[in-house]
Every structure is written in structure tokens, then in C-alpha cells.
Amino acid sequence: MFKKVLVANRGEIALRIIWACQEMGIKTVAVYSEADKDAHHVHCADEAICIGPARSTDSYLKVPNVISAAEVTDADAIHPGYGFLSENAHFAEICDACKIKFIGPPPRILNLMGDKARARETMQKEGVPVIPGSKGVIASEEAAMKLAGEIGYPVILKASGGGGGRGMRIVRTPEEISVAFRTAQNESEKAFGSPHLYLEKYIEGAKHIEVQIAGDEHGNVATLGERECSVQRRHQKLIEEAPSPLLTDRARKKLMKTAYRAARGVGYANVGTFEFLFDREGHFYFIEANTRIQVEHPVTETVMGVDLIQEQIKLAAGERLALPATDMRMRGHAIECRINAEDPDSFMPAPGTINGLSFPGGPGVRIDTAAYSGCVIPPHYDSLVAKVIVAGKTRADAIAKMRRTLEYTRIDGIRTNISLHLKILADPEFRDGTYTTAFMDRYFPKRDRGATF
Ligand code: ADP
């Protein structure tokens, strides 16, 4: 097992990883930017190293600085968390070259899944259903127009190197395609350094359901149930739950089998998530694989009784998978609400200083946060302040518990989206479980419906 792990992240996930290491008797190194010198994670680790100025490209994303920090502290592994360098194959290769274990899948898998058009092609070859669309990257505007005509509108143009809900454009008519193609290319180039796009049929009113995967370096793979993540704003998840409210046992079995086949097929190692969209007829299609720990992993931990961060560390250390392949059962119901520092009406980030903070507890309530009274939510990073996760015997219990927990949560000094969460939890469509990725459109004016992200 590793002796010392460097945590190449910040916020709640850095703390989560540091605490998991402490429970396993592993020493930890925190890294931080100048903006994060007073951050909670800095004080919890055994050692802490400043890796640069506030801008993430100068600190958390700066490979030489992270590697140097690991070398001077003699860390034998790096946990990248989510975001930042977590899916960066180049970084994982450098870790390998420096004999530092990257806690995540091997570079081969990061490369394959990081190119979403290639991932789609590979899945198709493995016999996994994908949404009708382009074979690989779409070469030109004309080719996009031709293909869209064949598969029928609406379609969606997506950045092959994209992520975080960005670099996508929904196209509803042939007249829109040229402008959409050029703008999406520009956006993709700017945000991800590559203009490559691919095209899919746009599924109206889809449900986003994803499967948690774990695999070892000896060829064993397990599926750990699903998470429903259809409450989304601008293609970004806001609430996640497990099990998915309307999935039948039969459909679940089929989904798990498919995800298992996909993960086995590519020789998946470490933890990951295979994401699927379900159409109104209940057919499901692979959309992408995330080769890292997800923000919403606590939902799975709650219903499965596993610690996914500890699993990641054990798998990276070469241990054999100790979980059964496909027959792990979810127990009870879990919901997670992402509490963001933002204006609840405009969704604009609202960073600032928290000057009062209190979360209620009770059985089945878990709060993953790095916030404390007096802490600053800096404007440089994502706006996540806390993840509130609840467990109930049934979905109705979990909803009641989440409402009670959020009603008694106090975060003073900044604006948050707690009021929006409470509205969603009371919404009949959320309560009956029929909600789809179109659910949030109702809450916002038409001009802001996210078709252009
Ligand atoms: P990202 O990596 O940026 O998160 P994904 O491919 O995972 O991108 O898609 C994010 C979300 O965008 C999905 O959960 C869904 O809401 C929407 N989406 C993506 N592709 C489609 C599609 N073909 N049809 C309908 N919605 C889609």
C-alpha cells in the first residue's frame, strides 16, 4: 500500500480524499493555490505545498508544479480528485515516468474515453448501443448537414474533447446548422484546444442514468448500480439519486449487463462512470464514460455501503477487486443536492465570504463540504459549496429528509441555490420520478434554456 498520497485538488473532494487516506493509515500532502492558503484541506493534510497563483492554469492545472510537489515530499501516489488533471492522459503518463502512481485508470483508457467521438465508436464495436449519429468526428459543415438530414432533426453537435456540459449545440432546423457548426467549432477550440465535433440525434425528454464501475488491474470489473442525474441545468447536474425512480428490475439488469460488457471490453481499471440516455420508449444509449471519481459518488456509497475513494486507492495499489461483478444490490434510497454559491434566479456564480454556517444532522444525513464560518469562496474555481446527501428507507423518506435538512441549513454571507432545491423537491414531477433532462426548463425564461451550451 502507498505510504504517502499527494491530493492534487481542492475543496470538498480534497478533504474527502485526505480523510479516506487517514482512515487507511496513509500520510497525505495537500497542494494549494495562493487563493486557497486558508482552505480547510490545507490544514488537514500532514504536509501542504503552495503550487502557484490563484488561476488554476498556474496552479492546480500546472503539471510541473504538481509533480515537483510530489517529488519534494516523496509522495508515492497522486489522487487527482475530479476536474483539474483527473482525466488528463498526459499527466498520468508523466506520473508513470516519474514512478508516482496515478490513482485512476491507465493513460490508455484516459486517452480512449477523453476523445468522445472515439469512445462512441469503440462502444459501438463492443455491441453497446449508441445514439444514431456520426461515425467518429464530423469533417465539415456539409457533412453535418447531410447526416442531420438523414437521421432527422433535432440533432446535437458536441465537442469531441468536451466536458462539464460545455461545447454542445442543439440544432432544430437545417437553417441553423451552419452557424451552429461554426460556433461550436470555435467554442470547442477555445475551451478544449481542439475544433473536433461529432453529431448525435438529440433525444427530447431523455433521462440521464449512469452506472458506477470499478475494475482492477487483473481484468476484473464490477457494476455498482445506477444514479439518476436528470435534474440538470445547462447540461450540468444539480440533483442525483439512486436508485433511479422509474427503472424496473429488468431494465436495471439489462443496463448493468451492458455497462459490464462495455467496461470489460475496454479493460477498464480503477473507478469510472458509464453514462447513458434513456429515451421515452425506455431504450438506452451510451453517451460517454467519465474516467474519474464523480461529484455524485456519495449517492452510490450510501446505497451500496462502499467507500469509493478507498476502493480507488486499493485498486491503484494493485489489489484485486473485492466486489461481486454484477449482483450488488442497492439498499434504501439516496439523494444528493449540490449547494452552489450562486444567484438562485440567474445561476450566476456568487462568490464571497461565508460568515455563518450550520448544517443539521440526524441519521442518514451526510454533508461533504470544505466550507467553514469565515471561509472565502473564491471566484476562480467552481461554485460548489457543499453536497448534502441523505439516505432514506424509501424515496419518499429521502425526499422528506432532504427537505428538512435544507430547511435547517444556514449559509450566511453568500447567495446559494438552496431555495431552488426546495422548490424542486416540492415539484410534483420530481416527486413522481417522471422528470427528464428537460425538467429545469420550466424554471427559467425561454431565452435562457441552454440550447447553446
Ligand atoms: P459532458 O461531458 O459535457 O457532461 P455529456 O455527453 O455527458 O457531456 O452530456 C451532458 C448532458 O447533455 C446529458 O446528460 C444530456 O442532458 C445532454 N445531452 C447530451 N447528448 C444528448 C443527446 N444526444 N440528446 C439529448 N440530450 C443530450
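Analyst: Helices H7 and H8 cross in a right-handed sense, meaning that the near helix is turned clockwise from the far one by less than a right angle. The model is predicted, with local features requiring pLDDT of at least 70 and side-chain atom pairs pLDDT 80 or more, while totals for chains, interfaces and linings use all residues. Residues are numbered from 1 along each chain as its sequence is written, and side-chain values rest on heavy atoms, without hydrogens or water.

H7 spans residues 141-151 and H8 residues 177-192, and the two pack at an angle of about 130° with their axes 10 Å apart. Elements are DSSP runs numbered from the N terminus (helices H or I, at least four residues; strands E, at least two), and axes are lines fitted to C-alpha atoms over the stretch in contact, with angles from 0 to 180 degrees between N-to-C directions.

On the H7 side, Glu141, Ala144, Met145 and Ala148 meet Ile177, Ser178, Phe181 and Arg182 of H8, contact being heavy atoms within 4.5 Å. By class, this contact of H7 with H8 has five nonpolar, one polar and two charged residues (Ala, Val, Leu, Ile, Met, Phe, Trp, Tyr, Cys and Pro are nonpolar; Asp, Glu, Lys and Arg charged; the others, Gly among them, polar).

Pro154 is found in the loop between H7 and strand S6 (155-159), and a cis peptide bond with omega of about -5° joins Tyr153 to Pro154. A cis peptide bond also joins Ala242 and Pro243, with omega about -5°, and Pro243 is found in the loop between strand S11 (236-242) and helix H9 (249-266).

As for the ligand, 21 residues surround it, the closest being Lys158, Gly165, His208, Gln232 and Glu288, where a residue is near if one of its heavy atoms lies within 4 Å. Polar side-chain atoms of Lys116 and His235 each lie by an oxygen atom of the ligand, at 3.1 Å for Lys116 and 3.3 Å for His235, whereas a polar side-chain atom of Glu200 lies 2.9 Å from a ligand nitrogen atom; a polar contact here is a pair of N or O atoms within 3.5 Å.

Another helix pair is H1 (residues 11-23) and H11 (residues 308-316), whose axes come within 9 Å and cross at roughly 65°. The crossing of H1 and H11 is right-handed, and by class their contact has seven nonpolar, one polar and two charged residues.

Terms used: Polar contact = N/O pair within 3.5 Å; in protein donor to acceptor, adjacent residues only side chain to side chain.
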